[in-house]
Each structure stands twice: as C-alpha cells, then as structure tokens.
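I opened this model to look up a few things and note them here.

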Amino acid sequence: MNLDLLPLALADGFSYAGLLFLVALGLTLIFGVMGILNVAHGALYAFGGYAAASLVQFIMSRGDPPSILLVAALFVAALIVGVALGCLLEVGLLRRVQDKDPILQLLITFGAFLILDDLQQLIWGGSPYTASEVSGRLGTIELFGVTYTVYQLLLIPIVALCAYGLLQYFLRHTRIGRQVIAVTHNAEVATALGIHAKRIRLITFIVGAILGALGGALSVPTTSLVPGVGTDMIVLSFSVVATAGLGQITGALIAALMIGMARSLAVYTFPEFEVVVPYLIMVLVLLIRPYGLFTVAQARKI
Amino acid sequence: MFAAILSLVGAAICLVLGLIFPWMKVPIIVGLCYGLAALGVTVLMRAGQVSFGHAMYACIAGYTVAFLARAYPGLDGLLLIAASVVAAVVAGALIGLFVVRYREIFFGMLNLALSMVFYSVLGKFYEITGGTDGLRLERPPIAGFQFDRPGYETALLVTALSASLALGWLVQRYSGSAAGEALAGIKTNETRLEYLGMSARRILWNGYMISAGLCGLSGALFVLLQGLVTPELGYWVRSGEFVFIAILGGAQHALGAFMGAVVFQAIQLVGTVLLPGTWKMLLGATLIIVILVAPTGITGVLPIKSWSKPRERKLALRPVAEKS
C-alpha cells in the first residue's frame with residue numbers, strides 16, 4: 001500500500017466506524033434490555049436511509065434550502081422511521097413473544113425482517129438512492145495533505161460520540177434511564193417495585209430503532225443505497241456487537257472503531273478481502289474470548 | 001407406523017405423478033431437495049439450535065459437483081453426489097469445530113455470518129468460480145447410463161426419492177438412539193448432560209456434520225437437476241427458506257421437513273401467481289403466523305409420534321426450577 005494513502009484510509013475508517021457504531025449501539029441496547037437480537041434492525045437501517053434520501057430529494061425539489069435544513073432532514077427521517085417502525089414491531093410482535101424461547105424471538109424478528117425487506121423494495125424499487133448534496137454542501141477540510149469532506153470526517157464521528165454520551169447520561173442520570181437499567185437486571189423485581197416494565201421495553205426498543213435508522217440516514221450522503229444493504233448491515237453490526245460482547249455499550253464503541261479501521265485498511269490494501277475482514281476479527285476474538293471482549297464471566301446456573 | 005405408511009404413500013404418489021405428468025418431475029425433485037435440506041436443519045433444531053447459514057453447505061456441495069464434473073467429464077452422477085456430500089461433511093466438521101462452542105443467538109448468527117462471507121467470496125473470485133454467473137456442467141451419466149433429458153430427470157427423481165426415504169428413516173433412527181437423545185438433551189438442559197459425562201460440544205458437532213451432509217446432498221441434487229451452480233444457492237434467503245420449512249414442518253419427526261417442503265412450494269406457487277415480487281414478505285408473514293399459532297409445526301399438530309420414548313415420563317421427572 002502506498003503510504004500516502006494511510007491518512008485517507010484512517011479517515012475513511014473513522015467515519016465508517018461512526019456509522020457502524022450507531023447501528024451496533026441500537027442493536028446492543030435492545031439486546032441488553034430485552035434479551036432479543038433484533039434481526040429487523042437491518043431493515044430499520046435501510047428504511048432510515050431510503051426515507052432520508054427521499055426527504056432530502058423532496059426538500060431539494062422545493063427550491064434552494066439552507067444546508068442546516070438538509071442535515072436536519074436526515075435526523076427527522078430517522079426519528080420518524082424509528083418511532084413508527086419501532087412501535088409497530090414492539091407492540092405488534094415482540095410483546096407477544098416476550099416469554100418464549102430466545103430462538104423463537106430471533107425467528108420472529110427474522111420474519112419481520114423478510115417482510116420489511118420486500119416492503120422496502122416495493123416502496124423504493126431497485127434503483128440506487130443517494131443524497132450526496134448534503135455532504136457536498138458542507139464543504140471539505142484538509143488534513144495531513146489529504147482533502148476530506150467535513151461531513152465524513154467531522155459530522156458522523158461527532159454524531160456517533162454524542163449518541164454515546166447522551167445514552168450514557170440517559171441511562172445513568174435520568175429517571176427513565178435508571179428504570180431501564182433496573183428492568184435489565186431483573187424485570188420481575190423491577191415491576192414489583194412499581195416500574196412499568198412494558199413501557200420501559202417499548203421506550204428502549206424505540207430508542208434502539210431510532211439509532212438504527214439514524215445510521216442508515218447518515219449513510220446516504222456518502223454512499224448509495226441498493227437492495228440488500230439491510231442484510232449486510234445487520235450481519236456487520238452483529239459482528240461488532242459480538243466482538244464487543246452482547247449488551248456492552250462502551251465495548252461496542254471500541255469494537256466498531258476496530259472493525260471500521262480494519263475494513264478501510266483492507267479496502268486500500270486487499271480489496272477482495274474487504275467483506276471478510278470484519279468477520280475474521282470477530283472469529284479471532286471469539287476464539288480467544290468466546291463471549292466477546294468485554295463480557296464479564298457469568299456463573300453457570302444448573 | 002402411521003408416519004412410515006404416510007412416507008411410503010407420499011413417495012409412491014410423487015413417483016406416479018412424476019411418471020404420468022413429466023412436467024411434475026422438476027418441481028417434485030426441487031421439493032425433495034428443500035425437504036432434505038430442511039431435514040438437516042431439523043436435526044439441529046432438536047438440539048434447540050437454529051442455523052441461518054446452512055445454504056452454505058448446499059452451495060459447497062453444488063460447487064464440488066460442478067468442479068468435478070468439469071474436471072473429469074463422464075464421471076458418474078452418483079459418484080458426484082457422494083463426493084460432494086463428503087465435501088460438505090468435511091466443511092461442516094471444520095466449521096463445526098468453531099460454531100458448536102456457541103448456542104442459540106450466537107450459533108444462528110455465526111452461521112449466517114460465515115455463509116455470507118462464503119457467498120461474497122464466491123462472487124469475487126471470478127476466474128475460479130465464474131463469479132455471479134456461476135458454472136455450467138454437462139449432464140453426467142447416472143449409474144452408468146447416459147440418459148436423454150426426460151430419462152435423466154426420472155433417474156434423478158428416483159435417486160432423490162430413495163435418498164429421502166432412506167435418510168428420513170436413518171434420521172429417525174438417529175433421533176431415537178443414545179446420541180440423538182443426547183442431542184435433544186442439549187435443548188432440555190445442557191449442564192445436566194455434561195454431568196452425565198457426555199460432551200455437549202462433541203454431540204452437537206456430530207449433529208452438525210449430519211446436518212451439513214444432508215444440506216450438501218440437497219445442493220448436489222439441485223445442481224445436477226439445473227446443470228448450473230451459482231452463488232445464489234448459498235444466499236442467506238435460501239438458508240432462511242430452509243429454516244422456514246423446518247419450523248413449518250416441526251422437529252418431532254423426519255417427515256415434517258418434507259411436509260413443510262410441500263406447503264412451502266404451495267405458498268411459492270400461490271405467491272408467484274397472485275402476488276409476484278412479494279416472496280420474502282409472504283415467507284416472513286407465514287413464519288410469524290406459524291410461530292405465534294403453532295410453534296411445534298405440522299408434525300406437532302398431527303398425531304405423528306416420535307420414535308423416541310414417550311415425553312410424559314420425562315416431564316414428570318423434571319423439577320420445577322427450569323431456568324438456565
């Protein structure tokens with residue numbers, strides 16, 4: 001690899017890790033609280049992306065909007081998709097299978113994913129969608145002699161770090177957040193103490209869904225969406241979450257950075273192995289630490 | 001007894017239908033391929049594990065058939081099948097060493113991740129695998145005879161039917177054996193299984209190889225029927241279809257996988273005629289309904305008894321606290 005490309009590869013990886021982290025954060029939060037691995041998370045990512053692209057195109061068609069409006073449109077789209085689909089999935093499906101086998105819960109979300117995947121193709125078709133206007137508007141920045149878009153180098157990582165900080169603050173210092181932690185530890189006792197566990201689950205799921213949709217929405221200015229993008233994302237974000245350990249929020253941040261960097265280095269050195277690298281890291285980590293880097297060992301219950 | 005008679009009658013109906021209406025041969029063989037693959041997934045479901053990546057083994061076997069048939073033209077179809085099943089089992093043994101350390105969500109998702117890596121690698125190395133276009137192969141002789149198209153299909157139909165019957169019976173025998181019961185014990189309580197002195201990983205590993213072999217056979221038959229292998233054979237949607245059929249049929253009896261395949265094809269037929277382009281949607285909706293309404297599947301609803309010992313006795317002995 002040409003050494004001049006190294007800063008570019010690192011900046012690329014940094015920005016990609018930001019997106020990956022947002023999606024993985026939603027996935028790991030939902031798992032941590034509800035014990036469900038939400039396969040439909042990939043569909044939320046895709047829906048968030050497509051909705052954001054549509055919204056940006058709609059605003060652009062209405063004349064010349066300020067850049068801040070376009071960036072806001074990404075967040076609004078993610079919020080709408082996250083709340084709408086999150087409510088639908090949690091109330092319509094997950095609530096009904098709360099006490100069943102984890103594997104049946106996994107299958108239910110898999111079924112929902114299949115439905116949403118087709119629905120997305122019915123709504124937006126098979127042609128690629130993008131909203132490159134947004135990143136074009138924000139201009140470029142020069143770093144170590146490499147020109148980079150502000151959007152990728154600053155906006156995405158800042159949003160990702162803000163999401164991390166806000167979530168940590170929410171969980172530790174707000175009333176509802178502390179209730180979420182209580183439900184995570186023991187839903188039954190939490191209910192006995194007067195916590196409305198049902199509502200807490202719904203809130204958690206919606207927050208997770210918004211994070212997934214936000215990941216998709218923030219990706220459209222730099223990449224184009226094609227059918228199948230949801231599947232790639234769910235498996236990729238699972239590999240981040242598994243590397244970190246299911247339910248580990250800080251771990252997901254580190255794992256996302258690791259996998260994002262490794263992937264972009266692979267893109268610049270061995271492009272054929274780009275797809276394989278994240279899974280290679282996951283397999284290596286899991287061989288040494290079977291339940292992820294940051295999982296605390298649990299006693300076996302007989 | 002009921003199940004055995006049902007299987008034989010079903011097989012006879014398939015054979016007669018295939019001989020009377022030649023156009024029925026291809027859908028019946030495809031259905032049997034799906035049934036065999038779902039049977040493989042069912043083996044693991046008895047252990048409480050669901051793999052979302054077993055189409056990979058069908059794909060491995062399919063490419064083995066294609067590579068061998070192109071390298072050695074004139075090699076017998078049955079030999080191709082045997083070699084490709086061996087390839088699938090070997091791949092299953094190697095990958096199994098890693099995945100049997102995991103359960104439930106990890107098990108399912110790791111299989112999915114590995115199958116997706118395999119799928120994209122197949123697409124990338126164009127010189128070897130033909131990329132997304134796949135590889136074509138000539139019609140090989142079967143059991144020494146070089147058939148024309150209709151004869152070839154009949155020969156494949158007979159092969160697929162007899163393999164399904166034999167393997168269905170063998171899987172039932174396996175389920176009733178000590179090893180099979182131990183496999184089901186992984187679902188009930190793995191820790192107790194280990195206290196009995198058995199290695200849960202090794203038992204699951206054996207089951208994993210069996211399931212990889214069954215999926216491999218399914219892939220080999222499918223590729224021989226089509227005369228073409230593409231990476232699509234290992235796509236995640238196909239793995240999802242296998243899981244779907246296995247859930248639909250239920251894990252109580254080997255017959256379930258094939259009954260599930262029949263229903264699956266009926267849904268597919270209705271879907272392509274009435275609601276084109278909504279295949280995954282239809283699949284997902286049915287999956288959700290089955291899980292909510294009848295999570296034990298067809299064989300759980302029908303009066304088909306498992307060959308293993310009656311369940312009631314085990315239930316009576318089970319202590320109240322059952323959370324691990």
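Is α10(B) largely enclosed by the rest of the structure or exposed, and why? I found that 13 of the 14 residues of α10(B) are buried, so this helix is largely enclosed by the rest of the structure. A residue counts as buried if 20 or more other C-beta atoms, placed from the backbone, lie within 10 Å of its own.

Before going on, I noted that this is a predicted model, where local features need pLDDT of at least 70, side-chain atom pairs count only at pLDDT 80 or more, and totals for chains, interfaces and linings use all residues. Residues are numbered from 1 along each chain as its sequence is written, while chains are lettered from A and ligands numbered from 1 in the order in which they are written.

I then checked the length of α10 in chain B. The helix covers residues 236–249 and reaches 20 Å from its first C-alpha to its last, close to the 20 Å expected at 1.5 Å a residue (1.5 Å times one less than its number of residues). Helices are DSSP runs of H or I with at least four residues, and strands are runs of E with at least two, numbered from the N terminus. After α10(B) comes B:G250, with a positive phi near 90 degrees.

Next I looked at chain A. Strands β1 (residues 140–143) and β2 (residues 146–149) run antiparallel and are joined by four bridges; pairing requires at least two bridges found by DSSP. In β2(A), A:Y148 stands opposite A:I141. The hairpin has two residues between the strands, and A:F144 takes a positive phi near 50 degrees.

Technical notes: A residue is buried if 20 or more other C-beta atoms lie within 10 Å of its own, exposed if 12 or fewer, and partly exposed in between; C-beta atoms are placed from the backbone.
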